[in-house]
Amino acid sequence: TIKETEWIWRNGQFVRWQDATVHILATAVQFGSSVFEGIRCYDTERGPAIFRLAEHLKRLRNSARIYRMETVYSDEELTEACFALIRRNGFRHCYIRPVIMRGYGAIGMDGVGSPIETYIPAWEWGAYLGADALEKGVDVCVSSWSRAAPNTFPGMAKATGHYNNAQLIKLEAMANGFVEAIALTHDGLISEGSGQNLFAVMDGAVLTPPIDGSNLSGVTRNAVLTIAADLDVPVRECTMPRELLYCADELFFSGTAAEITPIRSVDHIAIGPGGIGPVTRRIQRRFADIVNGRSNDDHGWLTLVPPS
Ligand code: PMP
């Protein structure tokens with residue numbers, strides 16, 4: 001469940017949480033034509049700070065472009081909207097979910113003729129994979145569902161319809177008693193979780209699958225690669241066979257919601273010693289220090305929300 005907040009930004013105005021509704025025949029509802037982002041805003045000593053807002057807005061714009069949706073608001077306008085939303089709701093920290101969608105109007109599935117609507121809801125959201133996940137790690141399985149093949153559902157777009165595949169992956173995992181699953185590509189290589197990128201640590205190096213059309217180009221993934229390099233840990237983007245999961249010294253997920261979540265077992269096989277590994281720990285600590293404003297923001301990843 002979600003804790004309701006007072007205001008949602010919609011097409012340039014603020015509406016009450018319960019009024020941010022969509023018509024049943026909106027193209028987005030009928031055919032999944034909607035693109036979105038998930039962004040975290042952290043509580044720092046200098047006030048609320050949004051993590052990598054510019055990168056998220058850029059991905060949002062690219063998602064819309066891939067789906068031939070004409071965006072209405074500029075990045076500057078959306079940035080101001082996020083600031084105003086955070087101030088108006090009185091957030092110190094929150095999760096922001098901008099959505100651009102084809103609304104109600106056209107009845108054909110192309111949706112041409114439906115207005116492009118922009119919503120920005122936000123709410124306070126804790127650890128995505130459970131309270132203990134960040135410390136103790138999670139138990140996952142390999143999904144029997146594959147991620148979409150290249151040139152089917154465009155993996156670089158963060159589009160609502162793609163999350164039907166993510167739901168199949170997540171619901172199957174939950175039905176089998178796991179909190180999350182790792183999905184493979186159409187040709188059986190490691191892709192990502194239902195809503196997180198995947199990393200392995202082997203022989204002191206950090207490995208992650210390339211952006212290959214099956215997975216999302218995660219903003220947190222990029223931060224992990226940067227942080228690892230800062231910590232002098234070698235990084236490699238490379239294809240990986242499924243069995244590498246069982247042989248890795250450490251595994252972890254990265255994502256806006258999941259942050260850096262260690263994986264302690266896959267298919268009931270313990271990973272390394274079965275808890276959070278030393279390399280994961282170092283990366284997780286550095287990430288937490290940066291986002292919470294405790295260490296220098298050397299890469300300019302935080303956007304402070306101005307008072308007004
Ligand atoms: N893969 C998928 C399918 C996702 O939904 C997400 C969450 N946006 C990620 C990876 C992680 O991306 P990010 O670090 O930008 O949140």
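The model is predicted: local features need pLDDT of at least 70, side-chain atom pairs count only at pLDDT 80 or more, and totals for chains, interfaces and linings use all residues. Residues are numbered from 1 along each chain as its sequence is written.

**Domains**
- The chain is assigned domain 1 (7-123) and domain 2 (133-291), with bounds from an automatic or database domain assignment.
- Their C-alpha centres lie 26 Å apart.
- In all, 20 residues of domain 1 are in contact with 11 residues of domain 2 (contact: C-beta atoms, placed from the backbone, within 7 Å).
- On the side of domain 1 that touches domain 2, H2 gives the most, with 6 residues.
- That side of domain 1 divides into 9 nonpolar, 6 polar and 5 charged residues (Ala, Val, Leu, Ile, Met, Phe, Trp, Tyr, Cys and Pro count as nonpolar, Asp, Glu, Lys and Arg as charged, and the others, Gly among them, as polar).

**Nonpolar core**
- Cys82 and Leu251 touch the most other members of the largest nonpolar core, which has 76 residues (buried Ala, Val, Leu, Ile, Met, Phe, Trp, Tyr and Cys joined through C-beta atoms within 7 Å; buried means 20 or more other C-beta atoms within 10 Å of the residue's own, with C-beta atoms placed from the backbone).
- Domain 1 and domain 2 both give residues to this core, so it lies between them.
- Beyond its neighbours within four places in sequence, Leu251 is in contact with Phe199, Ala200, Leu245, Ile263, Val266 and Ile271.

**Ligand shell**
- Leu216, Gly218, Val219, Thr220 and Thr256 come nearest among the 16 residues around the ligand (C-beta atom, placed from the backbone, within 6 Å).
- By class, the shell holds 10 polar, 3 nonpolar and 3 charged residues.
- Helix H6 (219-230) and strand E16 (250-255) each supply at least two shell residues (DSSP runs numbered from the N terminus: helices are H or I, at least four residues; strands are E, at least two).
- The largest share, 3 residues, comes from H6.

Note on methods
Buried ≥ 20, exposed ≤ 12 C-beta atoms within 10 Å, placed from the backbone. Contact = placed C-beta atoms within 7 Å.
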